[in-house]
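These entries record what I looked up in the structure. I began with the chain and then turned to the DNA.

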There are 2 protein chains.
Amino acid sequence: MVNLNIQIAIDSKFYSKNPESSDLGRRIVKHGIELIHQIGYDAFTFKKLGAIIQSNESSIYRYFESKHSFLIYLVNWYWSWVEYKLVFAISNISSQEEKLEIAVRLLTEKVKEDNAISFINEALLHQIIISESSKAYLTKEVDRENEKGFYTCYKRVVQRVSDLILELKPDYKYPHMLVSTIIEGAHHQAYFSDHLPDLTDISKEKNTIVVFYIELIKSVL
Amino acid sequence: MVNLNIQIAIDSKFYSKNPESSDLGRRIVKHGIELIHQIGYDAFTFKKLGAIIQSNESSIYRYFESKHSFLIYLVNWYWSWVEYKLVFAISNISSQEEKLEIAVRLLTEKVKEDNAISFINEALLHQIIISESSKAYLTKEVDRENEKGFYTCYKRVVQRVSDLILELKPDYKYPHMLVSTIIEGAHHQAYFSDHLPDLTDISKEKNTIVVFYIELIKSVL
DNA sequence: GCAAAAATGATAGTAATACTATTATATTTG
DNA sequence: CAAATATAATAGTATTACTATCATTTTTGC
């Protein structure tokens with residue numbers, strides 16, 4: 001993928017103060033990602049992050065009103081980035097089949113570190129999405145947060161790929177279920193292959209997850 | 001399903017003192033399920049549970065060494081129960097196709113309360129599995145806990161259904177991935193239909209999730 | 001170059017959590 | 001009925017996820 005170094009625009013509802021607007025903000029996000037990746041979301045605290053970036057807990061709270069909203073920010077950044085990559089990747093493709101295959105590949109393949117310029121390490125962020133993102137919506141506050149638009153970026157990606165399916169098969173009844181099954185499935189399989197391999201059939205060499213889900217969507221449609 | 005009221009045998013590594021062995025133990029599990037269902041795993045504490053069952057936090061700790069291990073207990077109880085239902089449901093079926101379809105139905109359909117005698121409300125437990133069970137393995141301790149056999153019951157169910165797939169299609173390469181994709185997918189779709197309906201295509205009337213995943217597995221195989 | 005404004009840092013405090021430890025009181029059982 | 005066992009009560013701990021306040025540094029607009 002070509003590195004265009006495009007800025008991902010994040011809605012202001014996902015932060016108190018825009019972390020992209022200052023050096024401290026960018027350090028919070030950069031090292032926040034690294035720390036969550038390292039110790040996990042559950043053990044992650046703003047205090048620990050403050051110590052690492054030589055700043056203060058209270059300063060971090062000026063950017064994000066809670067640990068939870070920091071996760072929400074990261075998740076939305078990720079899906080905005082995926083949406084951008086998706087739109088770009090299929091823009092010049094004429095075949096609908098090919099568009100869909102590209103989309104599924106993009107949603108299921110491992111993210112390799114590509115963008116050293118950005119303060120966000122997309123490969124690490126992808127790992128976080130795999131193992132932590134469900135904690136963003138598996139809460140008792142889902143409905144309230146959904147109303148506030150906390151999950152729109154994810155939903156928009158699902159919608160776009162569903163539209164690709166419908167262009168190929170206008171009468172298909174379950175495009176959203178198929179897409180969200182593939183996305184969540186790919187995350188699970190990536191996690192399982194690292195930690196619970198009995199739940200997968202991953203062979204080291206090939207890109208099994210991508211192959212599996214492309215085969216799956218082709219069979220279903 | 002016929003109510004045989006069979007006891008589900010739970011391995012002793014999942015508790016400090018067997019909760020089935022005393023009235024207090026059974027109350028802990030029964031009201032623990034209700035409380036987690038009500039307020040969610042994150043807000044759930046042994047102190048709150050103690051208040052409800054008119055017992056003490058410290059007494060609950062004698063049965064389960066932590067809140068986390070209580071979840072692990074419930075998850076394993078659930079998968080042992082599913083395994084039992086599965087074995088029973090396919091035991092007298094001769095057709096391999098039918099066996100597999102029964103299995104997928106069992107894994108994807110909503111659990112209706114059927115067993116008023118037991119101290120475990122399976123319908124509530126199923127809801128908990130849908131919204132909380134991933135928190136059992138999405139931790140930094142997965143590998144250690146996997147070694148201790150904390151996820152064996154789940155893995156056994158996946159293995160059994162994978163075996164059904166292989167009997168039907170001995171050269172199929174991804175039986176475990178297909179099964180775990182269906183199981184986790186069905187959980188997600190159930191959760192999404194309640195909270196994030198844009199990620200599904202659920203229509204109120206029919207059992208859309210079951211239909212979708214049976215269609216899916218038939219297409220793939 | 002300087003005052004005002006804005007950003008950041010330091011410190012303290014809070015209620016709750018997820019426990020552990022100890023002691024007291026019931027309850028069971030041999 | 002005494003001893004053993006189970007349960008309850010109480011207290012205590014380090015940590016968490018914050019909030020509030022005030023001090024200090026940095027930026028900015030003239």
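I first looked up the contacts in chain A with a separation of 6 or more, and found that 69% of them join residues 24 or more positions apart. I note that the model is predicted.

I then turned to secondary structure. Chain A has 11 helices and 0 strands.

Next I checked the dimensions. The C-alpha trace of chain A spans about 55 × 40 × 35 Å along its principal axes. The radius of gyration of chain A is 18 Å, which agrees with the value near 17 Å that a compact globule of 221 residues would have.

I looked up burial and surface as well. Of the 221 residues of chain A, 56% count as buried. The accessible surface of chain A is about 10,000 Å², and carbon and sulfur atoms hold 49% of that area.

I moved on to DNA strand C.

A polar side-chain atom of A:Ser58 lies 3.3 Å from a base nitrogen. An N or O atom in the side chain of B:Tyr61 is 2.9 Å from a sugar or linking oxygen. For B:Lys67, a polar side-chain atom is 3.1 Å from a phosphate oxygen.

Finally, I asked which elements give two or more residues to the surface near DNA strand C. They are α3 (57-61) of chain A and α3 (57-61) of chain B. The largest share, 3 residues, comes from α3(B).

Note on methods: Residues are numbered from 1 along each chain as its sequence is written. Chains are lettered from A and ligands numbered from 1 in the order in which they are written. This is a predicted model: local features need pLDDT of at least 70, side-chain atom pairs count only at pLDDT 80 or more; totals for chains, interfaces and linings use all residues. Side-chain values use heavy atoms; hydrogens and water are left out. A polar contact is a pair of N or O atoms within 3.5 Å; within protein, one must be able to donate a hydrogen and the other to accept it, and residues adjacent in sequence count only if both atoms are side-chain atoms. Helices (H or I, at least four residues) and strands (E, at least two) are DSSP runs, numbered from the N terminus. The radius of gyration is taken over C-alpha atoms; the globule rule is 2.2 Å times the number of residues to the power 0.38. Buried means under 20% relative accessible area, exposed over 50%, partly exposed in between (1.4 Å probe, protein chains only). Contact means heavy atoms within 4.5 Å. Accessible areas come from the Shrake-Rupley method with a 1.4 Å probe; for residues, only the protein chains shown count as cover.
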